[in-house]
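Dear colleague,

Please find the structure below, handed over for your records.

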Amino acid sequence: MTREDMMRLALQQAQAAFDAGEVPVGCVIADGEGRIIGAGRNRREETHRADAHAEIEAIRDACKALGTWHLEDCTLCVTLEPCPMCTGAIINARVGTVIYGAKEPNFGSCGSVINLFEERYGHHPKLYGGVLAEDCAAILKRFFEKLR
């Protein structure tokens with residue numbers, strides 16, 4: 001499965017968030033064989049939980065599917081650059097590869113504000129940004145235009 005294929009699946013999750021009135025961020029996680037083992041979308045409004053981000057949901061799914069919290073051979077793909085909380089979860093789950101779409105200038109922790117993956121933590125995933133960035137940014141733009 002290509003990075004773009006994974007991002008299209010993450011965009012489907014983002015669309016589900018959009019349809020539910022949530023900020024449209026979606027995430028999928030594939031195992032080392034390329035099978036999707038985790039998926040998530042923003043659910044902060046629905047759950048009233050600050051930690052209900054797409055990445056957290058997808059990591060929870062993937063850990064359950066594998067029966068372990070070790071996700072070294074996995075690839076996480078998310079439509080928006082992860083925040084500090086989500087990069088921390090990615091580091092703690094030992095996710096092997098991270099792919100993201102649009103930059104997040106206010107909270108992005110993969111290079112926009114800081115790159116936490118370059119800090120002195122004990123795990124450093126491979127990082128690929130800007131995958132289908134225009135598509136990922138467009139759904140966010142549509143959502144916020146709809147709010148106005």
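Does Lys141 count as buried or exposed, and at what relative accessibility? Lys141 counts as exposed because its relative accessibility is 55%, where exposed means over 50% relative accessible area, buried under 20%, and partly exposed in between (1.4 Å probe, protein chains only).

Please note that this is a predicted model, in which local features need pLDDT of at least 70 and side-chain atom pairs count only at pLDDT 80 or more, while totals for chains, interfaces and linings use all residues. Residues are numbered from 1 along each chain as its sequence is written, and side-chain values use heavy atoms, with hydrogens and water left out.

Lys141 belongs to helix 5; helices (H or I, at least four residues) and strands (E, at least two) are DSSP runs, numbered from the N terminus.

Helix 5 covers residues 133-147, 15 residues in total, and its first and last C-alpha atoms are 22 Å apart, close to the expected 21 Å (1.5 Å times one less than the number of residues). Its buried residues are Cys136, Ile139, Leu140 and Phe143. The buried residues pack against helix 1 (3-19), strand 3 (75-80) and strand 4 (97-102), with contact meaning heavy atoms within 4.5 Å.

Two pockets were also examined. A pocket is an open set of points on a 1 Å grid over the protein atoms alone, where a 1.4 Å probe fits, with protein on both sides within 12 Å along at least five of seven lines; lining residues have an atom within 4 Å of a point.

The largest pocket holds about 310 Å³ of space, a volume being the space filled by probe spheres set on the points. Of its 15 lining residues, Asn42, Arg44, His53, Leu80 and Glu104 lie nearest the centre. Helix 3 (54-66) and helix 5 are the elements that give two or more residues to this lining.

The second largest pocket holds about 150 Å³. Its lining has 13 residues, with Met1, Met6, Ala30, Thr75 and Ile99 nearest the centre, and the elements giving two or more residues are helix 1 and strand 4.

Yours sincerely
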